[in-house]
Amino acid sequence: MPARQNFLKSFPSNALIILIATILSLSIAQSAFAAEGQKASHPSEGLFLVQIVILVVFGRLLGELMVRIGQPSIMGQIIAGIILGPSLLGSAFPHLQVSLFPTDGAQKSMADAVGQLGILFLLLLAGMETDLGLAKRLRRSAAGVSLTGIVIPFAAGFALGEFIPDALLPDPEKRLVTSLFLGTALSISSVKIVATVVREMDFMRRNIGQLIVASAIIDDTIGWVIIAVTFGIAEKGTVDLTTLATSIIGTLAFMAVSFTIGRRIVFEIIRWTNDNFRSDLPVLSAIIAIMGGMAIITNLIGVHTVLGAFVAGILVGESPILTRQIDVQLRGLTTALFMPVFFGLTGLQTDLTVLADPSILLLTAAVVVIASIGKFGGAFAAAKIGGYSASEALALGCGMNARGSTEVIVATIGLSVGVLDEKLFSVIVAMAVITTMAMPPTLRWALARLPLREEERDRLERERFESESFLGNFERILLAVDGSQSGRLATWLAAFFAVTRKMPVTVLDVRAADETRDGNETTADAAKTSQAKSFAEDLRQCATDLISSGPADKDAASAGDIHITVREKDGELETVLGDTSDTGHDLLFTGIEPSTGEDGRFNDALQVMASAFRGTPAIVTARGTLPERPQDLRILLPVSGTERSIRAAEFGLAIAKAANAHCAILLIVEPRQARAIPRISDRGDDQRDVLKKVGAIADYYGIDVEKVVQEGPSPELSILRHARSGKYNLIVLGVSKRASGGLSYGSVADTLLQTADRSCIFIETDMASSQTIRE
């Protein structure tokens, strides 16, 4: 509210800035075009650049205005085009408008080409924002809301198209296709607009907010399939059963292949490009190629390219690595260039002067009413049937009534294939603008009336924990092993995270070349490669066994979701670890033997790895006899009042959750703390706070933990004593590097490394995840 009030106070100065920018832009454009000559025989590059700059600047300025008054920015971009088009500028200064945006085919096609690319990039981003997991979780309720919300307005829009007088149709012989386009335009919600408003209201994680977004996702997905099939019909002009069957079967086959082997192929392309290219932004180029390839495939099977771009976006968004960086890079390009140009061109093609015709105005009013009542009524009825309260059904109906970008793209496609003329196109754009601008205030009003349920509050607390979780920072694992017992234990840990957190794993054989050398370097290299692949197979088998044993996590990965690759040690270990860090690997599990050197500290190889890896290393040392199964692990988690130890406890609890293993929390209390005189900062309160924090983490993971408080002057001896008495075979310790000549994690960790007779994990919990991408 303060930002909005400040903006309104400064509105005169803002308006002046916009006016000055307008005058300067138009003057420059007019001069540039005059220099080119009114009768130029070829398209003007100068005018093309002027058009792009004007659309970007105007779209940004008015988009900012819309955001500040609580509207989606694309509304400002469409309005910018309407102002620059025949509706306003063309009415006031027709010669200037025509000189800026001539109707000459060659000149117009230059800007249109950017707009067409804009459609594909918009659909790519929309797909990346599509949360299929959310749609799956709420599939019953969301599918009911979506289907009724599509069927009712689609039927009404189709019926309207059938009764429109021939005089208002671009081609009466294509009435059927025009009716299909009208039905589609009236029935689909814009997931981008819906998600934006729900997110702004901080309702994205509320039950009704998730249902609104999930329904919009299903809406959008079904809508693009309908549009693709309708486009195939539009190409023929009539309903040809053979063509229709080909389009439907081709679409279904495309979707089936995309969401099975296509998902794996897209991830492997992203991973391989990121891991092997050294030039700038290779992943972005790969994604554009993926989008283009899938758009071409849909075009070849007789449906529109938008479906291919949308599905490509879904698959890219589901990639288990680099999604945040990819999203930022694509969003920047699309938001800065393609969105204002595409929506600006849409506004340019919209002639609101046609509304002066009473019949067109009446048709527009009918379209708005049918679209609003049909969408609201369908969603409201489905929510009530699904058992939601009246206030929840009201919010759902308001939320589903946003169209915006989706309808504009549908209208643009219809205009391009000739089933809509400029009058019907303007009617649909006007409907999209009116319904979209009405949606935010009505949804805010409806959402503000919803109380927070108890189960919803609990779920929000769990999700808040996950968002702030130490483990939530990681995307990709590097498993560096040598085939030893420590390597086997590290492999178990990597398998746990691959299954329960769906993290891709890269396996690296860290042994020196002379360990496999037999006098023939080629044979040695082949043996080393074969051994690295064997390690990867061990990891896959461990993950598969874990899945078959049923880890207590309904969201755990399936066998097909496990991503394992092999990284060759093709240089010095320090160089390999540094390069691997740069490719998005941010969590290192390493298990090699011997783990200690002659001085009793970590050996040279572990020192190199901990120093060279720019993520979070977890050093695994196996002692004694490993259990036959991961479920037989007994995990001890020493904690203190430090954030480091609490993060390590979370790490250990995640392992216990994955392995279904017994786990205990050991809080070490020094004698002076126990004897402290009670006061405001009483140490007893500190102890309770630590146990409460760790207990909350255990509750989140659904683990019953044993909690032990032990007093003693030597934490390392207390840890070893309790580990032996409780028969714990794995100790997880949070550590941080100490400034010294070698790798040291302090006296407790160093003592455990030298004297422990059971396995230990030393994890640097105070290191930030690298989360890097090749740039």
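Biologist: Which helix comes within 10 Å of helix H3 (residues 45-68), and at roughly what angle do the axes cross?

Modeller: In this predicted model, local features need pLDDT of at least 70 and side-chain atom pairs count only at pLDDT 80 or more, while totals for chains, interfaces and linings use all residues. Residues are numbered from 1 along each chain as its sequence is written, and side-chain values use heavy atoms, with hydrogens and water left out. Helices are DSSP runs of H or I with at least four residues, strands runs of E with at least two, numbered from the N terminus. Axes are lines fitted to C-alpha atoms, for helices over the stretch in contact, with angles from 0 to 180 degrees between N-to-C directions. Here the axes of H3 and H7 come within 10 Å and cross at roughly 40°.

Biologist: Which residues of H3 and H7 meet?

Modeller: Contact means heavy atoms within 4.5 Å; Glu45, Leu47, Phe48, Gln51 and Ile52 of H3 meet Gln107, Met110, Ala111 and Val114 of H7.

Biologist: In which sense do S2 and S3 pair?

Modeller: Strand S2 (residues 505-509) pairs with S3 in the parallel sense over 4 bridges, and Leu508 has Arg567 in S3 as its bridge partner.

Terms used: Pairing = 2+ DSSP bridges.
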